[in-house]
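Visitor: I'm new to reading protein structures. Please pick one part of this one and walk me through it slowly.

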Amino acid sequence: SGLFGLLGGKKAKIRAAVKIEPEPEEDLVGMAAEILGQLLEKMGESCQIRGLVEADQIFLTVEGEDAGLLIGKQGQTLEALQYLVTRILAKKTKGKPRVVIDIESYRERHKNALIELALKQGEKAKRLGKPVTLNPMNAHDRRLVHLTLQADKDLKTKSRGEGLYKKVIIYPVKKKKEVGLESEVL
């Protein structure tokens with residue numbers, strides 16, 4: 001109704017929404033493990049899946065006989081599984097869960113190999129005095145290389161290329177020559 005119930009009354013529209021409480025974390029882990037289990041079953045793989053929540057991420061660990069097939073070339077199958085589980089879980093929960101899947105400790109081994117590669121190629125760039133280019137990598141791997149070498153003041157890194165896979169170039173920093181005046185001794 002309008003002013004004093006007499007003047008300028010208009011019909012009002014009221015919008016209401018039901019606020020859905022987020023599900024407990026254990027339910028998300030269980031749901032994520034169930035989704036991954038169903039995907040692996042459809043692939044003809046029988047594996048054990050363990051899950052836990054840590055720092056707002058759902059970690060799923062897979063143990064099975066044919067880990068190489070599930071990891072794929074350069075971890076591409078593993079990344080695809082992780083993407084699918086994350087997307088399906090997001091649709092079911094109407095949230096943005098962060099799911100990380102690891103198979104037979106592949107992620108830790110891969111991380112250590114990348115750190116070793118970055119350090120080795122960094123030393124090579126310093127020794128040769130020329131830039132060294134690494135093979136194309138996904139964003140996560142490139143970030144790890146950049147972080148590994150950022151503390152070395154004699155090196156700098158840049159990503160080059162287009163698309164998801166870009167190359168990392170490691171440059172040796174050219175030191176500025178100090179030009180000093182020699183003092184004459186009288």
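**A helix across a sheet**

Guide: Let's start with helix α4 (residues 106-128), which lies across β4, β5 and β6 and runs at about 45° to β6. For such angles, axes are lines fitted to C-alpha atoms, for helices over the stretch in contact, and the angle between N-to-C directions can go from 0 to 180 degrees. Contact here means heavy atoms within 4.5 Å.

Before going on, a word on what you're looking at: this is a predicted model, where local features need pLDDT of at least 70 and side-chain atom pairs count only at pLDDT 80 or more, while totals for chains, interfaces and linings use all residues. Residues are numbered from 1 along each chain as its sequence is written, and side-chain values use heavy atoms, leaving out hydrogens and water.

Now for what sits under that helix. Three strands make an open, antiparallel sheet in the order β4-β6-β5. β4 (132-133) and β5 (155-160) are at the edges with a single partner strand each, so one side of each has no neighbour in the sheet. Strands pair if DSSP finds at least two bridges between them. β4 and β6 (residues 167-172) do this in the antiparallel sense, over two bridges; in one of these strands, β6, Ile-170 is the bridge partner of Val-132.

By the way, helices are DSSP runs of H or I with at least four residues, strands are runs of E with at least two, and both are numbered from the N terminus.

Zooming out, the protein chain has five helices and six strands, in the order α-β-β-α-α-β-α-β-α-β-β from the N terminus.

What about the inside? A nonpolar core is a set of buried Ala, Val, Leu, Ile, Met, Phe, Trp, Tyr and Cys residues joined through side-chain atoms within 4.5 Å, and buried means under 20% relative accessible area with a 1.4 Å probe, counting protein chains only. In the largest core, with 20 residues, Leu-36, Leu-60, Val-85, Ile-101 and Ile-103 touch the most other members. Helix α1 gives the largest share of this core, six residues. Apart from it there's another core, of twelve residues, including Ala-118, Ala-125, Leu-149 and Ile-170. In soluble globular proteins, nonpolar side chains tend to be buried together.

Terms used: Buried < 20%, exposed > 50% of the residue type's maximum accessible area, 1.4 Å probe, protein only.
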